[in-house]
Each structure stands twice: as structure tokens, then as C-alpha cells.
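Please look at the sequence and the three-dimensional model shown here before reading further. The paragraphs below lead through the model step by step.

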Amino acid sequence: MDKKTVSRDGTAIAYERIGAGPPVVLVGGAMTTGDGLLPLAAQLAHRFGAVPYDRRGRGASGDTAPFDVAREVEDLAALIDAVGGSAALYGHSSGAALALHAAASGLPVTQVALYEPPFALDTTGAKERAEYTERLTELLAEGRHGDAVALFMALTGAPPEMIDGARHSPMWPGMEAIAPTLAYDDAAMGDGLVPAERLASLSVPVLTIAGGASAEWMRQAARAVADAAPDGTYRTLEGQTHMVDPTVLAPLLTEFFSDQPRTRPVSAEPRIS
């Protein structure tokens with residue numbers, strides 16, 4: 001990420017812009033940096049100005065305490081301003097939840113595409129999310145970053161042997177370094193349930209996507225998000241999992257972002273819903 005913009009609280013946010021077309025800001029999920037979205041950006045660059053970025057506390061971006069989801073919305077406001085004043089958003093996993101916060105806050109967002117937003121569908125799922133939040137908070141407060149990463153991996157369904165293998169891999173120190181940002185993703189997820197009220201307030205088109213080879217609950221959650229949005233559409237990418245292939249995803253995103261109008265009233269101040 002070789003470009004930087006400055007968020008409202010003075011935090012430097014690092015980003016790239018790949019391609020010269022209308023801007024599409026790419027919002028990564030937990031335990032990722034903007035580098036992980038570069039392959040997708042390259043696939044979109046023939047038609048759009050794809051903008052992967054390092055969310056605060058990750059990669060080349062800074063961080064400023066105390067954290068609030070509003071700060072990440074302000075980061076997106078600064079990015080959108082830097083790349084032209086309005087933009088479409090693509091969010092992956094918990095990054096999809098952040099993209100929804102931004103779209104509902106009044107930012108000049110034209111369209112929102114979401115890949116497998118990991119919302120729960122019932123109180124059992126919400127209870128599991130609450131237990132995760134409590135334990136994550138404890139581990140981070142104690143400085144047990146490795147255990148926090150392991151807790152997150154377990155939440156995603158990773159078996160113990162996979163977690164143990166990750167602990168002994170060269171990538172583990174980097175994962176521990178950004179472990180504090182797991183709390184940021186957790187905050188963006190709210191109570192873990194589909195944010196029906198926030199979705200109902202959206203005035204822009206929303207596309208939700210899930211992989212045909214992903215867990216059934218992920219497809220159900222993506223469909224529920226689309227159903228709750230006034231202008232929502234759900235699509236399945238057959239054979240894909242949560243780690244979606246950019247070459248398979250990009251044509252669907254290109255179709256969606258190309259077919260929709262790219263203008264909407266600009267709000268001067270973001271609001272958090």
C-alpha cells in the first residue's frame with residue numbers, strides 16, 4: 001500500500017488504487033490486510049479503479065485509541081474522498097459488516113457488494129457470538145494475542161490440528177501482530193445477528209454472494225441480508241468457499257457495479273446506525 005490518506009482522528013490509512021475507472025473500495029475481513037485483496041483488485045482494474053486498503057491497526061496504516069466502529073467509517077469516508085468523492089463498496093466476511101455500517105451512515109456510497117457476511121440467524125448463533133466476544137476481550141486484555149488468534153480460528157470452524165499447524169508456521173507472528181484488530185471486526189458485527197434495521201435504511205443496491213461449497217448457514221445469512229435490504233439481490237457462486245477465487249468473483253462484481261447508477265446524494269457527516 002503506497003498511498004495514504006488521513007482519517008478524521010489523524011490516523012494515516014494506507015491504500016492502493018489499481019485501474020482508472022470508477023472507484024470500488026475493497027474492505028477486507030478479520031486477520032487480513034489490503035495485500036490480500038490485490039488479486040481481486042487486479043481482476044477489477046480493467047473496468048474500475050479498485051481500492052484495496054489496510055484497515056486501521058494493520059499493515060501500513062496507523063491506529064489511534066480508543067477504538068469505535070465510527071472510526072473505521074471515518075476511515076472509509078477519507079478513502080472515498082481521496083479517490084473521487086463517491087465509490088462503490090465490496091466487503092468480504094466481517095468486512096461486509098463494516099461496509100454496511102458505512103453505507104447506512106450517509107457516506108457517498110453508490111452500491112454495496114458483500115461476500116458471505118457471517119451473521120447469525122437465530123438466538124443460538126447470537127449466544128455463541130456473545131461468548132466469543134467475552135473470551136476475546138479477556139484474551140486481548142491479558143496480551144494473549146496468539147490465543148486470541150486461535151480463538152478466532154476456532155470460531156471459523158478450523159479444527160485443532162489446523163490451528164496447531166498455524167501456530168508453528170512462518171505466518172503466525174504476523175497474525176499475532178494484528179490480533180488486536182479482531183476486536184474491531186467483532187465490534188462491526190454488533191450482536192452477530194442480521195442487522196435488519198440498518199439494512200432497511202439503505203437506499204443503494206445491495207448484492208450478497210455466497211459460495212456453493214460454503215457452509216449452508218453462510219448461504220442462508222447472505223440471502224437474509226439481501227432479503228432485508230430494499231434493493232437486495234442474492235447470488236451463489238457454485239464450487240466456491242469462503243476463500244473465494246478472485247477470477248470467479250470478479251465477473252459477478254463487474255456486472256453488478258456496471259449495471260447500477262453511480263450517483264446518490266452526498267452527506268457531509270457520516271452517522272453511525
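This is a predicted model: local features need pLDDT of at least 70, side-chain atom pairs count only at pLDDT 80 or more; totals for chains, interfaces and linings use all residues.

Let us begin with helix α4, which covers residues 123–141. This helix has 19 residues and reaches 27 Å from its first C-alpha to its last, close to the 27 Å expected at 1.5 Å a residue. At its start, the backbone nitrogen of threonine 124 has a side-chain oxygen of aspartate 122 within 3.2 Å. Beyond the other end of the helix comes glycine 143, with a positive phi near 75 degrees.

Which residues of α4 are buried? They are Gly125, Ala126, Arg129, Tyr132, Leu136, Leu139 and Leu140. Viewed down the axis of α4, these buried residues fall within an arc of 145 degrees, so they line one face of the helix. The face of α4 turned away from the buried side carries the exposed residues Thr123, Thr124, Lys127, Glu134 and Ala141.

In α5, the residues Gly146, Ala148, Val149, Ala150, Phe152 and Met153 are buried. The packing partners of these buried residues are α4, α6 (160–167), α7 (172–177) and α8. Just after α5, glycine 157 has a positive phi of about 100 degrees.

Helix α8 contains aspartate 186. Is this residue buried or exposed? Aspartate 186 has a relative accessible area of 9% and is buried, because the cut-off for burial is under 20%. Leaving aside neighbours within four places in sequence, aspartate 186 is in contact with Arg129, Tyr132, Thr133 and Leu136. Of these, Arg129, Tyr132 and Leu136 are among the buried residues of α4.

The account now turns to the nonpolar cores. The largest has 35 residues, and those with the most contacts inside it are Val25, Tyr53, Leu76, Leu89, Leu98, Val112 and Leu114. The elements that give two or more residues to this core are β2 (12–15), β3 (23–27), α2 (69–82), β5 (87–92), α3 (94–104) and β6 (109–115). The largest share, 8 residues, comes from α3. Apart from this core lies another, of 22 residues, which includes Val24, Ala50, Ala113 and Phe256. When neighbours within four places in sequence are left aside, its contacts include Ile13, Val25, Leu76 and Leu98.

A pair of aromatic rings is described by the distance of the centres and the angle of the planes. How many aromatic pairs are there? The count comes to 3. In one of them, the rings of phenylalanine 48 and phenylalanine 257 have their centres 5.9 Å apart and their planes at 80 degrees, so this pair is edge-to-face. Phenylalanine 48 lies in the loop between α1 (38–44) and β4 (49–52), and phenylalanine 257 in helix α11 (residues 246–259), so the pair ties together parts that are 209 residues apart in sequence. Phenylalanine 48 is buried at 0% relative accessibility, and phenylalanine 257 is buried at 1%. Ring pairs link Phe48, Phe256 and Phe257 into a cluster.

Phenylalanine 67 and tyrosine 184 form a stacked pair, with 3.8 Å from centre to centre and 5 degrees between the planes. Phenylalanine 67 belongs to the loop between β4 and α2, and tyrosine 184 to helix α8, so this pair ties together parts 117 residues apart in sequence. Phenylalanine 67 is partly exposed, at 24%, whereas tyrosine 184 is buried, at 11%.

Some backbone positions complete the tour. The loop between β4 and α2 also holds proline 66, which is joined to alanine 65 by a cis peptide bond with omega of about -5 degrees. Methionine 31 has a positive phi of about 60 degrees although it is not a glycine; its place is in the loop between β3 and α1. Glutamate 116, another residue other than glycine, has a positive phi near 45 degrees and lies in the loop between β6 and α4. Methionine 31 is buried at 17% relative accessibility, and glutamate 116 is buried at 0%.

Note on methods
Residues are numbered from 1 along each chain as its sequence is written. Side-chain values use heavy atoms; hydrogens and water are left out. Helices (H or I, at least four residues) and strands (E, at least two) are DSSP runs, numbered from the N terminus. The expected span of a helix is 1.5 Å times one less than its number of residues. Buried means under 20% relative accessible area, exposed over 50%, partly exposed in between (1.4 Å probe, protein chains only). The arc is that of the directions from the helix axis to the C-beta atoms. A polar contact is a pair of N or O atoms within 3.5 Å; within protein, one must be able to donate a hydrogen and the other to accept it, and residues adjacent in sequence count only if both atoms are side-chain atoms. A nonpolar core is a set of buried Ala, Val, Leu, Ile, Met, Phe, Trp, Tyr and Cys residues joined through side-chain atoms within 4.5 Å. Contact means heavy atoms within 4.5 Å. Rings of Phe, Tyr and Trp (its six-membered ring) pair if their centres lie within 6.5 Å; planes under 30 degrees apart count as stacked, over 60 as edge-to-face and the rest as tilted.
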